[in-house]
Amino acid sequence: MENILEELKNDLNEIKKEHDLNEIKTKYLGKKGRITELSSQIKDLPNEEKKTFGANLNKLKTEATNLLETKKEEIETEILNKKLEEESIDISLPSTKIPMGAPNIVEKIVEEVEELLMSMGYDVVDGPEIEKDEYNFEMLNLPKGHPARDAQDTFYIEGEELLLRSQTSPVQVRTMLEGKGEKPIRMICPGKTYRRDDDDATHSHQFMQIEGLLIDKNVSLSDLKGTFDVIAKHLFGEDCKTRFRPSYYPFTEPSVETDISCHSCKGKGCNICKNTGWITVSGAGMVHPNVLKNCGYDPKEWQGFAFGFGAERLAMLKYGIDDLRAFYMTDIRETKNFDRKEAE
Ligand code: DAH
């Protein structure tokens, strides 16, 4: 037994890997292992020796198992230390800087307006970008040949009936048709619009509008003024002043253009506001009785107001950007800059 223990110690001294350890375990403690085999000799021993032999054998088994276990731990620690050494990190090295994106600021403006108007009970709705001429123009009181169509140089898709919407106003029509002349409506629709404009600092063949529509009973122009005032102050600060100027849109009567006081010069006059102290940010008005009728609402009973903001224009004013194309360049440095400006 003593010899076997010595041999086992020698074997263990020579190995390095866990794999070899298993072999040794089998060699000594396996079914036909050296130590296991000793048990079969018990039956041949004289009775008085059996007890001591058995006790010694058990001791040997325990010692062998302990030795194997200790060796196993040794090998595992060694492997772990080696791994730690190999994978050690030099924490004094400067880190690689991962460029961060920032939210697109047109999207940010849209979200700000959405959040505000939702808190005032408006629904945010969607409409198709490929639209019928009927909804984009005709039902909005712009029959074929109407001169006001020229202002929205339109991309037609199929003949004269299908087009890329030139404004988000057709969503007004769609929403009113759903209301079936019975339901009051409060909705906004932010969305892409398209016109055959050459791209420059202030024009783009694709841009974003935020349409708004409210239909109810006893609605007046002053409700529109109040709503516009809330939106303007929310976006440009409490000291932002608002005004309406008479204008013309076929789908509203009366129609207005809505101005905010120039937040850059606080109304004193600068090149952003062309020295007027005011900046136009949307078209708006009271929904034209013809439009109400076309969409199934009785103008004797129902009134409404509507407005349409240019989202990029709002973003340009808020963040002091002078070129519309910046929004579509997808240059990460631009958005980073805008973010910084806001933080300031
Ligand atoms: N759709 C108009 C445009 O694209 C903007 C507009 C004006 C929308 C008056 C409205 C409105 O809802 O009432 O020029």
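Predicted model: local features only at pLDDT ≥ 70, side-chain atom pairs only at ≥ 80, totals over all residues.
Elsewhere, a search of the whole structure finds five aromatic pairs, and ring pairs link F228, F244, F307 and F309 into a cluster.

**Aromatic pairs**

- Five aromatic pairs are found when the whole structure is searched, and one of them, formed by F228 and F244, is tilted, with 6.1 Å from centre to centre and 40° between the planes.
- F228 lies in helix α8 (residues 221-236), whereas F244 lies in strand β7 (residues 242-249), so this pair ties together parts that are 16 residues apart in sequence.
- F228 counts as buried at 4% relative accessibility, while F244, at 21%, counts as partly exposed, since buried means under 20%.
- The rings of Y249 and F251 form a stacked pair, because their planes stand at 25° with the centres 5.8 Å apart, and planes under 30 degrees apart count as stacked.
- Within this stacked pair, Y249 is partly exposed, with a relative accessible area of 24%, whereas F251 counts as buried at 10% relative accessibility.

**Aromatic cluster**

- F228 and F244, the partners in the tilted pair, also belong to the cluster that ring pairs build together with F307 and F309.

Technical notes: Residues numbered from 1 in each chain as written. Heavy atoms only, no water. Phe/Tyr/Trp six-rings, centres within 6.5 Å; stacked < 30°, edge-to-face > 60°. Helix = DSSP H or I, 4+ residues; strand = E, 2+ residues; numbered from the N terminus. Buried < 20%, exposed > 50% of the residue type's maximum accessible area, 1.4 Å probe, protein only.
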